[in-house]
Amino acid sequence: MLREIEKFQLKNNGGFVTRIQFEYFDENSNEWKHQNGTGDITLGFDKTAEPGDYGVPEGSMVKLYAYVAWGTDNRASQMFIYKKNCGHIASYKISGTTLNNHLEYVGILDPASTNMLAAAEMIASVQSLPQELAMEEWEALETSLVSGPRSYNGTCGPFSWNIAFDLNMSDISQSYADVKVSIFSCNIINTRIDAKNPNAVLDLTVAGVGVKGELGIDFAKRIVYIKGTLSYIISHKDFNYTLINF
C-alpha cells in the first residue's frame, strides 16, 4: 500500500537552479500527467510544496519531478497518495551538475521531526559558522538584515550577472540595484532598477539568439528577477530566474 503524503520537500545541493514539479496519475484518462510547481530553488536552499496547490487532485498517485534549469530533469521513483492535512512530507535532495545530477530520497518527515531537523540544522550551522563564513550563503545570511551596499555575482545556463545592491532597511522602497547581465559573454543590459524604475525591457538578438523579457525588482516579494523567452532558430525556451533575495 502506498504511503500518504501532504507535501514534498526538495533541497538543492547542486550547481544549478531547480524547481519542485509533480507527476500524478489521472484515473479519468488512465495516464500520468505533469504539473508545474514552485519557483526557483538555488544552491543551498530548499522549498516545500503541496501538490494540491498546483492542481494535483487529492487521492491521486503522485511523485516528485525535479526540474533542472538548462539541464537534465530528474524524477523520483517513489510513488505516494496525495492526502491533505495528513502532515507527512516526502523529503528529497538533489546534487551534481546540470547534465549529471542525482535525486536522493531522504524519507518521510512529520511536523515534529521536521521541527527537530530544522533545530538540529540551525545548531550545526551556528557551530560551523566560523569555519564557513567564506561560503556565499553565510555571507548572505550575515548581511541580509543590514543596510548598506553589497555585490552579487551569479550564473545560470547562458546567463551571468553582476549586481551592486544597496539595501535600505529603514525604507525598503529606497533600495536599488545596479544590474549587469550577459548572455554567452555578451552584455545585454546595464541599468539601475529601483522603486521609480522597477523594470527594464529586454528585446534584442545576441549570437543568433533572440532575447525578449524583463529585468525587474519586486519589493513585495523582495527579489530581483529576470524572465522572458530565448528564441533559437527552430525552438524557444522560457526562463524565469530570481537573481537575488533581499
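## Ile 193, a buried strand residue

Ile 193 is buried, with a relative accessible area of 0% (buried means under 20% relative accessible area, exposed over 50%, partly exposed in between, with a 1.4 Å probe and protein chains only). Ile 193 sits in strand 14 (strands are DSSP runs of E, at least two residues, numbered from the N terminus). This is a predicted model: local features need pLDDT of at least 70, side-chain atom pairs count only at pLDDT 80 or more, and totals for chains, interfaces and linings use all residues. Numbering starts from 1 along each chain as its sequence is written, and side-chain values use heavy atoms, with hydrogens and water left out.

Setting aside residues up to four places away in sequence, Ile 193 touches Tyr 176, Ala 177, Val 179, Pro 198, Asn 199, Leu 215, Gly 216, Ile 217 and Val 224 (contact means heavy atoms within 4.5 Å). Phe 165 is 28 residues from Ile 193 in sequence. Their C-alpha atoms are 9.8 Å apart.

## Nonpolar cores

The largest nonpolar core has 34 residues (a core is a set of buried Ala, Val, Leu, Ile, Met, Phe, Trp, Tyr and Cys residues joined through side-chain atoms within 4.5 Å). Those with the most contacts inside this core are Phe 159, Ile 163, Phe 165, Ile 188, Val 224, Ile 226 and Tyr 241. Strands 11 (148–156), 12 (159–167), 13 (176–183), 14 (186–193), 15 (199–206), 16 (209–218), 17 and 18 each give two or more residues to this core. Strand 12 gives the most, with five residues.

Ile 163 touches Arg 150, Ser 151, Tyr 152, Ala 177, Asp 178, Val 179, Val 224, Leu 243 and Ile 244, not counting residues up to four places away in sequence. A second, separate core has 21 residues, including Ile 20, Ala 49, Val 56 and Phe 80.

## Aromatic pairs

The whole structure holds eight aromatic pairs (rings of Phe, Tyr and Trp, the last by its six-membered ring, pair if their centres lie within 6.5 Å; planes under 30 degrees apart count as stacked, over 60 as edge-to-face and the rest as tilted). Phe 8 and Phe 80 form an edge-to-face pair, because their planes are at 70°, with ring centres 6.0 Å apart. This pair links distant parts of the chain: Phe 8 is in strand 2 (residues 7–14), Phe 80 is in strand 8 (residues 80–82), and they are 72 residues apart. Both Phe 8 and Phe 80 are buried.

Phe 80 and Tyr 105 have ring centres 6.1 Å apart and planes at 50°, so the pair is tilted. Tyr 105 lies in strand 10 (residues 101–109) and Phe 80 in strand 8, so the pair ties together parts 25 residues apart in sequence. Phe 80 has 4% relative accessibility. Tyr 105, at 30%, counts as partly exposed. One aromatic cluster is formed by Phe 8, Phe 22, Tyr 54, Phe 80, Tyr 92 and Tyr 105.

## Ser 91

Ser 91 lies in strand 9 (residues 89–96). Ser 91 is buried, with a relative accessible area of 4%. Leaving aside neighbours within four places in sequence, Ser 91 is in contact with Gln 9, Glu 104, Tyr 105, Val 106, Gly 107 and Leu 109.

## Lining of the second largest pocket

The second largest pocket is lined by 16 residues (on a 1 Å grid over the protein atoms alone, a pocket is an open set of points where a 1.4 Å probe fits, with protein on both sides within 12 Å along at least five of seven lines; lining residues have an atom within 4 Å of a point). Gly 39, Asp 40, Lys 47, Ile 223 and Thr 242 lie nearest its centre. Strand 5 (46–49), strand 17 (223–231) and strand 18 (236–245) each supply at least two residues of this lining.

Technical notes:
Helix = DSSP H or I, 4+ residues; strand = E, 2+ residues; numbered from the N terminus.
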